[in-house]
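Thanks for coming. I have one structure to go through today, and I will keep it short.

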Amino acid sequence: MASAEEIFHLSGPIHLTAIDWNNIYHRRSIAASLVKGVYILENDRRQNRHGPQALALPWWDFFHFKLDHMLIDDVDLSICGAVYEYKYPSSALNIPQYVIAFRGTIMESDTVSRDIKLNLQSILNNLHLSSRFQLAMHCVHNTVALSRGASVWLAGHSLGSAMALLVGKNMAKIGYFLETYLFNPPFLSLPIEGGFKNETLKLGIRFANSAVKAGLSLAVKGRQNRKAQAYDPFVVLSPWVPYLFVNPDDPICSEYIGYFKHRNKMEEIGVGKIERLATKNSMRNLFSSVLGINSGAEALHLLPSAYLTLNRGRLSDFYGAHGLQQWWNPYFPCEAMFYKYNTTT
């Protein structure tokens with residue numbers, strides 16, 4: 001007989017028959033379920049399941065959403081996202097009228113090539129050049145305009161969380177701070193958090209990294225004109241606080257733990273000003289700027305502020321640690337932290 005945890009793993013949060021929209025666990029579970037719905041929509045498409053044979057509907061219908069429309073990738077024709085609309089008009093602050101969800105990589109023959117290429121574009125900070133991102137951005141713009149001030153959420157897992165993060169950043173820069181749920185978001189840097197066990201060694205590596213980045217930042221800033229110096233995207237983005245869901249055993253996202261923790265540690269030891277310079281830049285972009293090379297967009301993983309939730313439970317393998325299903329499980333040992341960027345210079 002399956003255990004309670006196995007049931008939740010396979011079927012989703014079916015225990016949530018009464019939703020408390022002020023409860024972050026309920027909101028997290030619903031956002032994860034809507035992302036799962038995109039995965040199942042694509043599975044239904046690939047396996048030619050229609051009508052009563054299709055399996056995707058319960059993942060949103062259970063929570064009183066309807067499928068408004070799907071986002072279709074123009075390269076592989078896969079379903080890469082979905083727009084859900086809440087069935088009932090509501091003025092409640094925490095109930096979204098629309099949720100736009102993005103799936104991650106699917107390792108199947110007709111999707112894997114396109115998804116891996118997008119993952120590489122994410123690593124190279126070129127995801128914004130992809131047609132899938134342009135589709136997502138256009139969809140979110142239109143949905144926000146259609147909402148007439150009603151709440152719009154973004155949600156994504158893995159590659160989909162990178163997509164939601166980039167869309168959320170762009171919307172925040174024009175004044176729309178969308179509630180955003182990022183499950184196992186990729187942190188595109190050396191995985192110090194999971195790669196080293198000694199805390200002193202980790203602090204030393206991060207301190208050296210911060211000192212180098214701060215020095216390079218000052219060198220780059222000295223070359224910029226006054227207009228470029230005055231614009232600080234971190235300050236612009238700092239009021240936007242996405243929800244990040246990270247498993248320490250997942251090397252794809254675990255470095256977010258050290259990224260935010262180190263910022264606090266540098267403030268504690270009195271060198272917060274160094275870290276405030278370092279945290280808003282990636283080493284690759286800084287070296288490119290010093291060498292006069294156009295490195296493209298800012299690094300995707302750099303964030304001023306976040307609600308960070310950790311799953312401290314031990315999972316059997318990488319697939320469990322990187323899996324979406326862990327985030328609707330009510331039993332995992334949860335650790336939550338709020339990080340707000342200090343705009344003091």
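Which residues in α5 meet which residues in α6? Before I list them, note that this is a predicted model. From α5, the residues are R132, F133, A136, M137, V140, H141 and V144, and they meet L159, M163, L166, V167, N170 and M171 of α6. By class, that contact divides into ten nonpolar residues, two polar and one charged.

Now the geometry of the pair. Helix α5 covers residues 131-147 and helix α6 covers residues 159-173. Their axes come within 10 Å and cross at roughly 50°. The handedness of the crossing is right-handed.

Next, the annotation. An unreviewed UniProt entry places the feature "domain: Fungal lipase-type" at residues 136-175. In the model, the chain over residues 136-175 is 68% helix and 15% strand.

Last, confidence. The chain has a mean pLDDT of 86, with 86% of its residues at 70 or more. Over residues 1-9, pLDDT stays under 50. The model has 13 contacts beyond four places in sequence for residues 1-9. Where pLDDT is low, predicted coordinates should not be read in detail.

How values were computed: Residues numbered from 1 in each chain as written. Predicted model: local features only at pLDDT ≥ 70, side-chain atom pairs only at ≥ 80, totals over all residues. Heavy atoms only, no water. Axes fitted to C-alpha atoms, helices over the stretch in contact; angles between N-to-C directions. Helix = DSSP H or I, 4+ residues; strand = E, 2+ residues; numbered from the N terminus. Left-handed = near helix turned anticlockwise from the far one by under 90°. Contact = heavy atoms within 4.5 Å. Nonpolar A, V, L, I, M, F, W, Y, C, P; charged D, E, K, R; others polar. pLDDT = per-residue confidence, 0-100. UniProt positions renumbered as here; feature names shortened; annotations may be inferred.
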